[in-house]
Amino acid sequence: MSGPGTPESHPARGGLDGTAATALESACQEVREALPEDAVDGVAPALVARPGSTAEVAEVLRAAQAHDLVVVPRGRGTKMTWGRPPRRVDLVLDLSAMNQVLDHASGDLIVEAQAGTPLRDVQDAVAGARQRLALDELVPGASVGGALATATSGPGRMATGTMRDLLIGVTAVRADGVVAKAGGRVVKNVAGYDLGKLVHGSFGTLMVVTEALFRLHPLPAARRFVSVGVDSPEQAHRLAQSVIHSQVVAGGVEVDVPPHGEGATLTVLLDGIEAGVAGRTAATLALLGDAATASDDVPDTWGRLPWSTDARGDERATALKLAFALSGLEDVLRTARSAGLPVHLRGSAGVGVVYGALPAGTEPQAAAATVDLLRAACLRHGGSLVVLDAPAAVKAAVDPWGPLPALDLMRRVKDQFDPDHRLAPGRFVGGI
């Protein structure tokens, strides 16, 4: 029985008992029952909490711990089917209300934003000072936190590195509700760990990132794209190598190889001051041959994944991320061509990270065989292959992460940061 000064206990909501719902509503102003669209890769949650601050996130996680709730964080919801389905979800922690650019210190070339802030909003906020966060928005509408959690990177990583390289400070909340800050404007550090590197690519399984501080780069005064068609894996590899080892200092070297190699292209980005770009463009045209062309227009495929990010359910492609030493490009492209399935590869020939797509409707065992074939090619060149997304039947047929020598270490880190495995259990490598 409730009385004066005693929180009212609500009836059960979404399958949770009333005391859990009451605790969450005391921690966060916005709590609602989950809808079908809140499911995480087919796993239905009971409730959705939408906190507006780091303090509220901490309160929600403390309430979740007290009531043994499993939590999956969500930024803008653009990549909720990536990785393995979580073993269970009680609560989706929706960070979309934390959508503010907190600070832009143009003189210091830094910007701080909340995790739910769309990357596009960050770019708009800093563009007035002729600056940019040097990240490609691979998935339209992606948030700062979502991009950080899934470690997406595009053509620009060749010149400026990945999001991890640009991250100089982070605020995150542990599964037990303790707030930790690292780097940048340090208030409290977690001794012995580089939090930024830990949370980058962790799929929300270690901590909930709430704010991030990045270094910025100046917007280039000019940029130009030089493109050429390529007929074979050998030609794509040879031309890419000629650019990489030249003095043109490319901002990106991308290959786009549609299924069976028809219409394949190699594109080089050159950016900087106008005079320099003009000279480097001429040099790149000479390297790529008479068929190469230069344009100020951004190619349609530039910084775009080779699959539809709007597809849902069985309409999804089998989405791959392949990494390998630069010397392995020809082998990887040749392997894809010989796979027997239509494999579309697109990505950075300049750093050895490309994304691949098998079409929706691919039979699961055939998809698994192609994944094994491509993974073997990546492993031959010191790399890896991850199945980012796929229909449920394909996910059940493949090993999405492949062999990882550091898996035991990753499990120990998970146990230390989230001993109850409360954050997105099962979504990450090795069932983490």
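Start with helix H3, whose buried residues pack against strand S5 (101–105), strand S6 (110–114), strand S7 (131–132), helix H4 (144–150) and helix H6 (163–166). Contact here means heavy atoms within 4.5 Å. Helices (H or I, at least four residues) and strands (E, at least two) are DSSP runs, numbered from the N terminus. The model is predicted: local features need pLDDT of at least 70, side-chain atom pairs count only at pLDDT 80 or more, and totals for chains, interfaces and linings use all residues. Residues are numbered from 1 along each chain as its sequence is written, and side-chain values use heavy atoms, with hydrogens and water left out.

Which residues of H3 are buried? H3 spans residues 119–127, and its buried residues are Leu119, Val122, Gln123 and Val126. Buried means under 20% relative accessible area, exposed over 50%, and partly exposed in between (1.4 Å probe, protein chains only). Look down the axis of H3. The buried residues fall within an arc of 100°, so they line one face of the helix. The arc is that of the directions from the helix axis to the C-beta atoms.

Helix H10 (residues 329–337) can be read in this way too. Its buried residues are Leu329, Val332, Leu333, Thr335 and Ala336. Down the axis of H10 they fall within an arc of 160°, so they line one face of the helix. Their packing partners are helix H8 (233–244), strand S13 (252–257), strand S16 (318–323), strand S17 (344–348) and helix H11 (364–380).

Now step back to the domains. The protein is divided into domain 1 (101–218), domain 2 (222–295) and domain 3 (313–397). These bounds come from an automatic or database domain assignment. Take domain 2 and domain 3. Their C-alpha centres lie 24 Å apart. In contact are 19 residues of domain 2 and 17 residues of domain 3. Between them the two domains bury about 1,500 Å², 59% of it on carbon and sulfur atoms. Buried area is the accessible area (1.4 Å probe) that two parts lose on being put together, summed over both. Which three residues supply 34% of the area that domain 2 buries against domain 3? They are Pro233, His237 and Val255, and they supply more than any other three residues.

Charged pairs come next. A salt bridge is a side-chain nitrogen of Lys or Arg within 4 Å of a carboxyl oxygen of Asp or Glu. By this rule the count comes to 22 salt bridges. Glu30 and Arg50 form one of them, at 3.2 Å from N to O. Glu30 lies in the loop between helix H1 (18–27) and strand S1 (31–33), and Arg50 in the loop between strand S2 (47–49) and helix H2 (54–66), so the pair ties together parts that are 20 residues apart in sequence. Glu30 is partly exposed at 40% relative accessible area. Arg50 is partly exposed at 29%.

Glu59 and Arg62 also meet in a salt bridge, at 2.8 Å from N to O. Both lie in helix H2, three residues apart, about one turn of the helix. Glu59 is partly exposed at 36%, and Arg62 is partly exposed at 37%.

How many salt bridges are counted between domain 2 and domain 3? The count is one. Asp256 forms a salt bridge with Arg346, the closest N and O atoms being 2.9 Å apart. Asp256 counts as buried at 9% relative accessibility. Arg346 counts as buried at 11%. Elsewhere, salt bridges that share partners join Glu30, Arg32, Asp38, Arg50, Arg74 and Asp94 into one network.

Finish with the rings. A search of the whole structure finds six aromatic pairs. Rings of Phe, Tyr and Trp (its six-membered ring) pair if their centres lie within 6.5 Å; planes under 30 degrees apart count as stacked, over 60 as edge-to-face and the rest as tilted. Phe203 and Phe428 are stacked: 5.8 Å centre to centre, 20° between the planes. This pair links distant parts of the chain, 225 residues apart. Phe203 counts as buried at 5% relative accessibility, and Phe428 counts as buried at 11%. Trp401 and Phe428 pair edge-to-face, at 5.1 Å centre to centre and 85° between the planes. Trp401 is buried, with a relative accessible area of 10%. Ring pairs also link Trp82, Trp307 and Tyr355 into a cluster.
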